[in-house]
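The points are grouped by topic for reference alongside the coordinates.

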Amino acid sequence: MSANVAAAAQAASSPEDKSAISVKDMRKCFGDHEVLKGISLEAHKGDVISILGSSGSGKSTMLRCINLLETPDSGEVRVDGELIRMKQGRDGRQMPADIRQVERIRANLAMVFQSFNLWSHMTVLENLVAAPTHVLKRPRAECLEQAEALLKRVGIWERRNYYPPHMSGGQQQRAAIARALAMNPKVMLFDEPTSALDPELVGEVLRVMRSLAEEGRTMLVVTHEMGFARDVSSKVMFLHKGEVDSVGEPKEMFARPPTPQFKQFIANFNK
Amino acid sequence: MAFDFYLSTMWSVLKALPLTLEIWFFGIAFGLLIATGLTWLRASGYKLGEYFTRAYVFIFRGSPLLVQLYLIYFGLSQFDFVRHSPILWPILRDPMYCTIVAMALNTAAYESEIFRGALRAVPVGQIEAAKAFGMSAFTRFRLVTLPIALRLALPAYSTEIILMTKATALASVVTIMEMMGTAQKIQHDTFRPIEVLTCAGVIYLLLNLSIARLFAWVEYRLSPHLRPPPEQSQQIRPVPEVL
């Protein structure tokens with residue numbers, strides 16, 4: 001235990017103080033198929049990084065490897081300078097060395113899923129207080145107060161006592177974003193947050209995400225929303241066949257696509 | 001006259017209801033305990049645990065409860081070590097205990113299969129969300145997996161409990177005078193099988209009706225999210241103190 005504390009202290013005082021998430025040479029195979037072929041990513045505090053790529057390019061897998069919903073085969077992930085320690089499992093595959101560390105880091109990395117994944121047996125309010133009370137051990141009254149404020153912010157306070165299946169997709173996704181915010185996360189991970197929504201509901205979710213970006217939150221957003229990538233994000237990352245094809249300033253990237261693949265990709269969207 | 005006979009038979013059989021309920025209650029209570037253990041073993045990921053539960057389910061689900069009851073009550077007492085054991089013998093010489101043991105072992109096989117199916121049916125996304133928010137395996141299980149799995153298991157579980165209610169009638173073959181035993185005695189004394197068995201059947205029906213209603217009520221209470229949304233005014237309920 002004391003070793004853990006020492007390691008954590010050392011990691012926290014590492015020079016990369018501004019780094020929120022740092023991924024180095026991440027690889028991941030599903031069976032014979034290599035989905036990630038050595039991905040690196042650097043997200044500073046306050047960065048809003050849009051991760052683009054056609055389906056199968058590995059963008060969702062990369063995001064899920066950061067909070068270890070998938071275990072990367074190799075490579076390192078640092079969150080807030082702290083390295084997620086891995087070890088060799090009995091089957092020769094890599095696995096987390098300390099699941100407590102992973103849980104602690106996950107609590108700082110709130111995730112918003114494509115299919116919302118709100119806990120369907122809890123009301124919206126219960127969804128928002130479950131993790132803060134049980135993971136962060138914060139007092140319930142305080143969590144409830146914050147939850148109500150967050151629901152007001154995303155505009156669904158009137159639905160606080162609804163169950164998720166009783167709300168529209170857009171409302172559910174806004175509730176899911178509020179649930180993520182309730183953790184006061186250091187980084188927010190968005191896994192195609194608008195892909196499961198009806199077109200007319202996309203706007204309400206993007207508005208909330210835009211307001212989060214404007215208040216300086218650190219966000220990694222896997223998305224197909226070109227408008228969001230171009231106008232809101234501070235950096236665009238384009239994955240192609242499991243590799244980082246190009247990274248750059250959004251205006252620059254969209255005005256002068258640096259690679260033929262990215263040019264092709266945005267051309268398909270503009271059709 | 002016939003009415004009087006119905007009434008007196010009804011009363012006699014009803015007096016045996018507490019005994020039936022006792023077998024029923026302890027049978028399903030111990031059954032639930034064993035089933036929980038089996039489910040845990042099966043889900044633990046240990047190969048040995050999986051083989052054991054598979055074999056257990058194969059045996060206890062595959063053979064008649066009556067055979068199991070006979071084996072436990074008449075069969076086990078053949079062995080000297082059972083008769084001389086200070087722990088086993090007090091249990092196995094008593095027909096009441098034997099019935100409860102047989103019922104518990106039998107229903108545990110079915111229930112563990114019900115629970116296994118329910119656990120597997122919990123949507124992966126809901127568990128992933130719990131993981132992504134940093135919940136430990138235990139918290140995840142308590143707040144997300146278990147509440148969802150219980151709701152999924154409830155319909156099949158209630159059917160199993162109703163089957164168990166009817167199975168208590170088997171206790172009559174090992175000398176227990178519960179409702180069925182009592183009915184059979186009256187039938188032998190009076191040679192009026194139609195009246196007597198009708199009385200017993202009606203009581204079992206009413207008993208199962210109330211059990212089914214009880215489960216339906218619990219299911220209703222636990223699944224507001226699966227019904228169409230009621231009016232907003234009814235939606236508002238206080239957040240419970242304990243999640």
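How many residues of chain B are in contact with chain A, and how many of chain A with chain B? In this predicted model, 24 residues of chain B meet 28 residues of chain A.

**Contact between the chains**

- On the side of chain B that touches chain A, the elements that give two or more residues are α8 (124–132) and α9 (137–167) of chain B.
- By class, that side of chain B comprises 13 nonpolar, seven polar and four charged residues.

**Nonpolar cores**

- The largest nonpolar core holds 123 residues, and L220(A) and F133(B) have the most contacts inside it.
- Helix α7 (residues 95–121) of chain B gives the most to this core, contributing 13 residues.
- With neighbours within four places in sequence left aside, the contacts of L220(A) are I21(A), A43(A), I49(A), I51(A), L63(A), V187(A), L189(A) and F190(A).
- As a general point, nonpolar side chains tend to be buried together in soluble globular proteins.

**Annotated domain in chain A**

- An unreviewed UniProt entry places the feature "domain: ABC transporter" at residues 21–266 of chain A.
- Over residues 21–266, chain A is 37% helix and 27% strand, and the end C-alpha atoms of this stretch are 27 Å apart.

**Six-stranded sheet of chain A**

- Six strands of chain A form an open sheet with mixed pairing, in the order β8-β9-β10-β3-β11-β12.
- The edge positions are taken by β8 (109–112) and β12 (243–248) of chain A; each has a single partner strand, so one side of each is left without a neighbour in the sheet.
- On average, and with direction ignored, neighbouring strands of this sheet are turned by 20° against each other.
- Helix α6 (residues 169–181) of chain A packs on the sheet, where it touches β8 and β9 (187–191) of chain A, and its direction makes about 175° with that of β8(A).

- Strand β10 (residues 218–222) of chain A is largely enclosed by the rest of the structure, because five of its five residues are buried.
- Strand β3 (residues 48–52) of chain A runs parallel to β10(A) and is joined to it by four bridges, with S50(A) opposite V221(A).
- β9(A) also runs parallel to β10(A), through five bridges, and D191(A) stands opposite V222(A).

- Strand β11 (residues 235–240) of chain A and β12(A) run antiparallel and are joined by five bridges.
- M237(A) has V247(A) of β12(A) as its bridge partner, while L239(A) stands opposite V244(A) of β12(A).
- The hairpin of β11(A) and β12(A) has two residues between the strands, and K241(A) takes a positive phi near 50° there.

**Four-stranded sheet of chain A**

- Another open sheet of chain A contains four strands in the order β2-β1-β4-β5, with antiparallel pairing.
- β2 (33–44) and β5 (82–83) of chain A stand at its edges with a single partner strand each, so one side of each is left without a neighbour in the sheet.
- Five bridges pair strand β1 (residues 19–30) of chain A with strand β4 (residues 74–79) of chain A in the antiparallel sense; the bridge partner of I21(A) in β4(A) is V79(A).
- Helix α2 (residues 59–66) of chain A packs on this sheet and touches β1, β2 and β4 of chain A, its direction making about 120° with that of β1(A).

**Chain B as a whole**

- Chain B has 12 helices and zero strands.
- Along the principal axes, the C-alpha atoms of chain B fill a box of roughly 70 × 55 × 30 Å.
- Of the 243 residues in chain B, 29% are buried.
- Among the contacts in chain B with a separation of 6 or more, 72% are between residues 24 or more positions apart.

Definitions and conventions:
Residues numbered from 1 in each chain as written. Chains lettered and ligands numbered in written order. Predicted model: local features only at pLDDT ≥ 70, side-chain atom pairs only at ≥ 80, totals over all residues. Core = buried A, V, L, I, M, F, W, Y, C linked by C-beta atoms within 7 Å. Buried ≥ 20, exposed ≤ 12 C-beta atoms within 10 Å, placed from the backbone. Contact = placed C-beta atoms within 7 Å. Nonpolar A, V, L, I, M, F, W, Y, C, P; charged D, E, K, R; others polar. Pairing = 2+ DSSP bridges. Axes fitted to C-alpha atoms, helices over the stretch in contact; angles between N-to-C directions. UniProt positions renumbered as here; feature names shortened; annotations may be inferred.
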